[in-house]
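Welcome, and thanks for taking a look at this one. Below is a short briefing to read alongside the sequence and the model.

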Amino acid sequence: MGSPAIRDNTVLVTGGAGFVGSHLVDALRPNNEVRVLDDFSNGHREYVPDDVTVIEGDVGDEDVLEPAMDGVDLVFHQAAIVSVTESVDDPRHSHETNLEASLKLLERARHEDARVVVASSAATYGHPDELPVTESASMDPTSPYGVQKLALDQYARLYADLYDLPTVTLRYFNVYGPRQQGPYSGVIATFLEQARAGEPITVEGDGSQTRDFVHVSDVVRANLRAATTEIVGGAYNVGTGERTSIRTLAETVRTVVGSSSTIVHRDPRPGDIRHSRADVSKARRELGFEARIGLETGIRALVNETDLGVSIDSDRPVVDSPSDQR
Ligand code: UD1
């Protein structure tokens, strides 16, 4: 499976000043002309290097979207309201951002004939019947966020089928790593902040719910593979294939930080899924992607501020079974 590096492309990263998007920009920018479209609702200017063109605005605003997409070869669509809780509190607002704006982007991509790598989510599965969850599992999201990502995920497939638009969809499991911050950020960022401050670590529910935590550098690598794969129109789980309970996570974070925080329990979260763990075989087979960073390594790197960044030149696909030898 050959997978040429991404070079000399004009690339748009929506949400490029945000958590996942800004790491992607770091990986792409040495070899490509990179643009960032971000409304800075959750992004940070200091995450974007000075030589990258920043367009400030909403993906859903066509006056902003059209010039941002003008002449692009490749789009990584990361902009979203990523918080399940926020979507439960205000479904219409998250619908506009996560779905309506995304549809405008897909339309614009048709006009430009640009490849689109779409950020979807494990939240599309809801409560999976079986773990690990495969891409062909039934999809019954438990939150507006999950419904919005499911619709986007299906639109991406449909745009490939109906209009020959080269789309690749990545269903992110629980992404963590540097630059994840803010009141609605992921549980690892929250627990780290609490442990560092010596405040109680707040476990929602009994803590037996599980997640597949994947480091952002692995997510960047999955995106790079999705940008060059010859197989378009598909959706891929992006996880590690391991799952960890939230209670265990709280204890691990406390230990790695060396904190004396207590662990307290709160009410479970409405719309929360119970268990999540990716079947990673399709991504390995078709994208040559496999996560490299285990949870404890990733948390230690976060605490010690060790850079686990990824460069296009260092990324090589995994080829580990005969079916990979295309
Ligand atoms: C996360 C992502 C979502 C992604 C999905 C894929 C964020 C904010 N959300 O949703 O974008 O599509 O994974 O699976 O990154 N929890 C606590 N205490 C806290 C915070 C959270 O116990 O202080 C628990 C929650 O109740 C939940 C689990 O930790 O059971 C994970 O929560 P969270 O990090 O918000 O992620 P998801 O809702 O899984």
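**A cis proline and its surroundings**

Pro 132 sits in the loop between strand E5 (115-121) and H5; helices (H or I, at least four residues) and strands (E, at least two) are DSSP runs, numbered from the N terminus. The peptide bond joining Leu 131 to Pro 132 is cis, with omega at about -5°. Please keep in mind that this is a predicted model, in which local features need pLDDT of at least 70 and side-chain atom pairs count only at pLDDT 80 or more, while totals for chains, interfaces and linings use all residues. Residues are numbered from 1 along each chain as its sequence is written, and side-chain values use heavy atoms, with hydrogens and water left out.

**The ligand and its shell**

- The ligand is surrounded by 23 residues, and the closest are Ser 121, Val 187, Thr 202, Glu 204 and Asp 272; a residue belongs here if one of its heavy atoms lies within 4 Å of the ligand.
- By class, the shell has 11 nonpolar, eight polar and four charged residues. In this scheme Ala, Val, Leu, Ile, Met, Phe, Trp, Tyr, Cys and Pro are nonpolar, Asp, Glu, Lys and Arg are charged, and the others, Gly among them, are polar.
- Helix H6 (187-197) and strand E8 (201-204) each supply at least two residues of this shell.
- Thr 202 places a backbone N or O atom 2.6 Å from a nitrogen atom of the ligand. A polar contact is a pair of N or O atoms within 3.5 Å; within protein, one must be able to donate a hydrogen and the other to accept it, and residues adjacent in sequence count only if both atoms are side-chain atoms.
- In the side chain of Asn 174, an N or O atom is 2.9 Å from an oxygen atom of the ligand.
- Gln 209 has a polar side-chain atom 2.9 Å from an oxygen atom of the ligand.
- On its own the ligand has 740 Å² of accessible area, and the protein covers 93% of it. Such areas come from the Shrake-Rupley method with a 1.4 Å probe; for residues, only the protein chains shown count as cover.

**Helix H5 and its surface**

- Tyr 155 lies in helix H5 (residues 144-163).
- Together with Leu 158, Leu 162 and Tyr 163, Tyr 155 makes a nonpolar surface patch of about 350 Å². Patches are made of residues with over 30% relative accessible area and no salt bridge, with like charges joined within 9 Å and nonpolar side chains (Val, Leu, Ile, Met, Phe, Trp, Tyr) within 5 Å.
- Tyr 155 has a relative accessible area of 31%, so it is partly exposed; buried means under 20%, exposed over 50%, and partly exposed in between (1.4 Å probe, protein chains only).
- Arg 157 and Asp 161 also lie in helix H5, four residues apart, or about one turn of the helix. They form a salt bridge, with the closest N and O atoms 3.4 Å apart.
- Arg 157 is partly exposed at 35% relative accessibility, whereas Asp 161 is exposed at 52%.

**Other salt bridges**

- The count comes to 15 salt bridges, each defined as a side-chain nitrogen of Lys or Arg within 4 Å of a carboxyl oxygen of Asp or Glu.
- One of them joins the side chains of Arg 45 and Glu 56 at 2.7 Å, N to O. This pair links distant parts of the chain, with Arg 45 in the loop between strand E2 (33-38) and strand E3 (53-56), and Glu 56 in strand E3, 11 residues apart.
- Arg 45 is partly exposed, at 45% relative accessibility.
- Another bridge, of 3.8 Å from N to O, connects the side chains of Glu 33 and Arg 35. Glu 33 is partly exposed at 44%, but Arg 35 is buried at 13%.

**Loop details**

- Asp 113, in the loop between helix H4 (91-112) and E5, has a positive phi of about 55° although it is not a glycine. Its relative accessibility is 56%, so Asp 113 counts as exposed.
- Asp 164 is found in the loop between H5 and strand E6 (167-172), and its phi is positive too, near 60°. Asp 164 is exposed, with a relative accessible area of 62%.
- Ser 185 belongs to the loop between strand E7 (174-176) and H6, and its side chain reaches the backbone oxygen of Gly 182 at 3.0 Å. At 17% relative accessibility, Ser 185 is buried.
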